[in-house]
Amino acid sequence: EFRRVLFRSRLGLIAILLFSLHLGFDYSVVSRNYGISALVLFAIAATYQRIRDSLWFGLLLLLLCNTNAPSVFLAGAFFLYRMLELWGERPGWRSHSVLVLAANGALMLLGVLFCFLAIYPPANDAAAAVNRVPLSAQTLLPGIIDGYRSFAALGFHNAPQLANLFVILSIAVFARRRPALVAAAAAFVTLKLFFFFGFPAAFRHAALFLMFLVALLWVEGDERVLEPGAEKDNDGLLSLVARWGFVLLLAMESVMYLRGPVKGLVEGRPWSGAKKLAAILERPEYRDAPLIVEPDALGESVVYWTGKHFYLLRQQRFGTVTPFSMTGRKEMSLDDILGSARQLHAATGRPVVIAMERDLKAVKPGRYDVMYADYMTFTPQNIARFQAGTRRIAAIRDAFGDERYDIYVYPR
């Protein structure tokens with residue numbers, strides 16, 4: 001049993017997983033939809049022996065497809081695993097298992113269709129345009145061997161090809177288990193190409209592949225695969241190196257990445273300043289005040305605490321989610337923020353709260369790419385005008401994430 005084997009592992013793989021950045025923090029505290037992918041993958045793994053010949057398998061694959069776009073390829077890899085497993089059993093074409101497999105394939109394809117309809121045309125077309133690499137015969141091979149845009153986020157930013165090496169070693173864990181080996185290799189290649197031609201993988205994206213490998217190991221449930229140095233292992237040097245490579249890859253996510261959140265916890269520093277900003281907005285004098293955040297995306301977490309819309313500068317409307325769109329205002333300055341605050345104050349009769357990520361006392365004059373070709377220009381003149389028209393009431397700078405603000409109120 002997978003859990004029994006994990007508990008017996010000398011390196012404590014369960015502890016490594018629980019205290020990794022993806023499961024211990026990024027997928028849970030930051031609350032991204034990639035955590036749902038891990039949950040569905042583990043649900044498939046935990047119930048696989050009971051559901052592989054039922055429509056529940058297809059329904060879970062459909063659900064996995066609709067957690068996020070990269071998980072479509074993981075669903076396909078899991079379906080491929082079952083297909084190859086069934087192929088090895090040589091059932092008749094009209095057998096119950098084959099008919100159920102075909103139905104589950106149809107359910108998975110339905111999930112792919114739902115995912116496509118949900119994400120296309122992309123609301124974040126600016127993000128997609130900035131990161132896109134043209135698909136051609138000349139770029140296909142670089143997409144396969146690339147390390148930086150795919151798995152470098154797994155702690156290998158300074159040595160991207162080392163990421164490929166460790167990930168390939170992890171796949172080699174299944175060297176003597178052909179269906180699992182092919183499924184893992186298929187997930188590896190399709191994700192690499194997706195990250196290369198679609199958008200580069202951040203940590204939360206790349207870690208999905210690790211969660212897929214763990215789920216596949218769970219399904220395999222073989223002590224020789226999971227326990228490095230086990231005496232019963234007779235698979236040779238490659239198997240031994242592969243097991244240790246996978247364990248080290250998982251362990252690194254705990255040692256290298258989780259130290260940031262732990263350090264912040266010890267020092268009493270929050271991940272985000274959004275809660276403190278929300279507390280300011282709850283003061284009687286600001287309770288009904290419109291909120292402007294620059295850049296817009298850093299206002300989304302405030303909605304979690306307040307339940308209120310904030311003003312999207314580049315879209316010139318109120319909302320709760322910031323689209324990285326080509327249709328919004330791409331060029332802005334402090335004068336534009338001041339102008340929007342003036343309009344909101346005139347329309348509501350309320351003071352306007354402005355949260356600025358950049359410290360105006362320290363920022364150097366220039367034109368900055370805030371995010372996905374959205375530019376903000378700072379000059380000595382517009383900084384002076386902004387400071388003359390507003391009043392700074394707080395500085396929230398202790399967060400160790402990127403949601404740090406100076407808080408201003410208009411009018412002064």
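What share of the 412 residues in the protein chain do buried residues make up? They make up 50%. Buried means under 20% relative accessible area, exposed means over 50%, and partly exposed lies in between, using a 1.4 Å probe and protein chains only.

This is a predicted model: local features need pLDDT of at least 70, side-chain atom pairs count only at pLDDT 80 or more, and totals for chains, interfaces and linings use all residues. Residues are numbered from 1 along each chain as its sequence is written, and side-chain values use heavy atoms, with hydrogens and water left out.

Start with the whole chain. The protein chain has 19 helices and 9 strands. Both are DSSP runs numbered from the N terminus: helices are H or I with at least four residues, strands E with at least two. A contact means heavy atoms within 4.5 Å. Among contacts with a separation of 6 or more, 68% join residues 24 or more positions apart.

Now zoom in on one residue. N382 is found in helix 19, residues 380-389. Is N382 buried or exposed? N382 is buried, with a relative accessible area of 3%. Leaving out residues up to four places away in sequence, N382 touches S333, L334, D335 and T377. The backbone oxygen of T377 lies 3.3 Å from a polar atom of the N382 side chain. P365 is 17 residues from N382 along the chain, and their C-alpha atoms are separated by 9.7 Å.

Next, look for empty space. Rolling a probe the size of a water molecule over the atoms shows where it is left. The search uses a 1 Å grid over the protein atoms alone. A cavity is a set of points where a 1.4 Å probe fits but cannot get out; a pocket is an open set with protein on both sides within 12 Å along at least five of seven lines. Lining residues have an atom within 4 Å of a point. Points are joined across faces, edges and corners, and a volume is the space filled by probe spheres set on them.

The second largest pocket has a volume of about 230 Å³. Helix 6 (71-89) and helix 7 (96-119) each give two or more residues to its lining. Helix 6 supplies the largest share, 4 residues. W87, R90 and W93 are among the lining residues.

The count comes to 1 cavity of 30 Å³ or more. The largest cavity has a volume of about 100 Å³. Of its 15 lining residues, D296, R314, T322, F324 and D374 lie nearest its centre.

Terms used. A polar contact is a pair of N or O atoms within 3.5 Å; within protein, one must be able to donate a hydrogen and the other to accept it, and residues adjacent in sequence count only if both atoms are side-chain atoms.
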